[in-house]
Number of protein chains: 2
Amino acid sequence: MLLPHSGILFSAMTQLSIIFLGTGGSWPTVKRNVSSVAVKREGEIILFDCGEGTQRQFQKSTQSYMQISKVFLTHFHGDHFLGLPGLIQTMQLNDRNKPLYVYGSRGVEKLISQLLSLGYFKPAYEVIVQEVSDGDVLEFGEYCVRVFRVDHNVPAVGYVLEEHMRPGRFDKPHALELGIPEGPLFGKLQRGETVILKNGRKITPEMVLGHLRKGRKIVISGDTKPCERLIQFSQDADVLIHDATFHSELEDIAREYGHTTARQAAEIAKTAKVETLFLTHISPRYLDYHVLEKDAQAVFEHSFVPKDFQEVEIKLKK
Amino acid sequence: MLLPHSGILFSAMTQLSIIFLGTGGSWPTVKRNVSSVAVKREGEIILFDCGEGTQRQFQKSTQSYMQISKVFLTHFHGDHFLGLPGLIQTMQLNDRNKPLYVYGSRGVEKLISQLLSLGYFKPAYEVIVQEVSDGDVLEFGEYCVRVFRVDHNVPAVGYVLEEHMRPGRFDKPHALELGIPEGPLFGKLQRGETVILKNGRKITPEMVLGHLRKGRKIVISGDTKPCERLIQFSQDADVLIHDATFHSELEDIAREYGHTTARQAAEIAKTAKVETLFLTHISPRYLDYHVLEKDAQAVFEHSFVPKDFQEVEIKLKK
């Protein structure tokens, strides 16, 4: 049975990947650039934060910055946005003409207007800026992005990218019983279309599809101390990408600078019942990231410190 | 004989190196970052331009950005300055407290004030900005920096880093004749100090040193079309680092965008009788830089396309 929902059904073939472009915190190191996470969904890239050097990280990755449709900024510390003016300028030099959407919390319009008026640059395509705040839900057809306040030492938000419902499971034996011939009609029904058989019988998708199934859910914490709102917004997420700047030995320092330890991030992931936790915003002090991974895995086994350029495909559940 | 001069004599042991941090033009590629050249002289680094990602180029090099004393900007296109805010912020996070000097042509004060007020950053050390213009000579003790106007599609300048005179050749046979014992007194005289021998005789440096000798001279063109002023300011330079964005086959495009071809840069180097020409601001289109090197070498043999991170020591002539 089809259930009411606010978005558009999407195909079970829709690919969704995360590309970690910058997993380091505060300043870049040889191995880790500053913050940026790309989410690739169909032909579109949705970028979360854009630290200095992100355009070059794209070039060293398998992805193209020309596919970026939207940029979400978590907060306005340099290591999260200073790559934006260069990226915008380079896309222009490469003949971009479609608009770019940029989202961020209060002050984002001023910031982007500053970034677009540095030196002799004149934007030749539209950069559309939208201020967001806690509780906002931005609808983008097959998915939405939810905004929630986090707890850093400057105003900061986290984001949830959540796909809407997708068609239920196709009941092939029942479809054959109904006299539907195996072939293109199966695909049409799976995509939610009604079909007419040669004998004139009308078959609606509801007759052969199970309950609508949930889409995928990715949560990006940005920089934050451990916070309740994050647990709430991360419930049952496929992926939580969380600030884990320090090891639990440095919990005091983490608190002082408005960050989370690997252990604390793991506790959040466990409480929120997420499937996989990626620890990010790694402090330059940790040359051996395994200590952070172990710190988290003691609490939540599916904890990983991604390397820059690591790509993770998020599969739909059966 | 000592000649009158405006600067301070420097030791023949003074090392001078060029570190190419970013040799690409317009936007970064996998192999070349955007513009930045570091000149290391004694414990100081003098930076010419600071494209996005320069702080990370430093980390991948043998040099430390904490040693930067001065930054000279050639012009205000993003690929020449967008690395500055991140660099300034990172030096602050690493407890810099000594002032940083930034030089650039008209508008530099506004630009730096914009760069220092992005997001939540508050500078905690002094950034001292000085506007420069054609013909200025900035004195820094043992060396000076000359400013000259170049011909780009926005206001732009080039710079000459020129060491002042250094002591003349030490005439050892004559010194021994004068009864000066081999040892520490030799060093004092070479450094320009007067010494008193055990027999009471006063020996002045002029008595044992030849004519003052010239220091080293490095010229940075920034982005420019071929221009007369550059030839004039590059006379007899040890090193000319020149815009060579395109191959001579694309001379029309070079002219249109305010750049120079490799061949034209070689002609300038030849006319100005420089010792070595480094071709830089290489367009992303040239995956094989040898074509540019050959284009220049047909006119001027000592033409090279440096790779990012290449270090070149500039030796004093005998």
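User: Which residue is the bridge partner of A:Ile45 in strand 4 of chain A?
Analyst: A:Ile68 is that partner. Bear in mind that this is a predicted model.

User: And where is A:Ile45 found?
Analyst: A:Ile45 is in strand 3 of chain A, which covers residues 44–48.

User: In which sense do strand 3 and strand 4 of chain A pair, parallel or antiparallel?
Analyst: They pair in the parallel sense, over 4 bridges. Strand 4 of chain A takes in residues 68–72.

User: What about strand 2 of chain A, how does that run against strand 3 of chain A?
Analyst: Strand 2 (residues 36–41) of chain A runs antiparallel to strand 3 of chain A, and 5 bridges join them. The two strands form a hairpin with 2 residues between them. In the turn, A:Glu42 has a positive phi of about 50°.

User: Which residue stands opposite A:Glu44?
Analyst: A:Arg41 stands opposite A:Glu44 of strand 3.

User: Back to A:Ile45. Buried or exposed?
Analyst: Buried, because its relative accessible area is 0%, and the cut-off for buried is under 20%.

User: How many residues of strand 3 of chain A are buried?
Analyst: 5 of its 5 residues are buried. A:Glu44, A:Ile46 and A:Phe48 point one way from the strand, while A:Ile45 and A:Leu47 point the other way.

User: What does A:Ile45 touch, leaving out residues up to four places away in sequence?
Analyst: Its contacts include A:Val39 and A:Lys40, along with A:Phe58, A:Gln67 and A:Ile68.

User: How far is A:Ile45 from A:Arg166?
Analyst: Their C-alpha atoms are separated by 20 Å, and the two residues lie 121 residues apart along the chain.

User: New topic: chain A and chain B. How many residues are in contact?
Analyst: 40 residues of chain A are in contact with 40 residues of chain B. The area buried between the chains is about 3100 Å², and carbon and sulfur atoms give 55% of that.

User: Which helices of chain A supply at least two residues of the side that touches chain B?
Analyst: Helix 1 (54–60), helix 2 (78–81), helix 3 (84–93) and helix 4 (108–115) of chain A each do.

Key:
Residues are numbered from 1 along each chain as its sequence is written. Chains are lettered from A and ligands numbered from 1 in the order in which they are written. This is a predicted model: local features need pLDDT of at least 70, side-chain atom pairs count only at pLDDT 80 or more; totals for chains, interfaces and linings use all residues. Side-chain values use heavy atoms; hydrogens and water are left out. Buried means under 20% relative accessible area, exposed over 50%, partly exposed in between (1.4 Å probe, protein chains only). Contact means heavy atoms within 4.5 Å. Buried area is the accessible area (1.4 Å probe) that two parts lose on being put together, summed over both. Two strands pair if DSSP finds at least two bridges between them.
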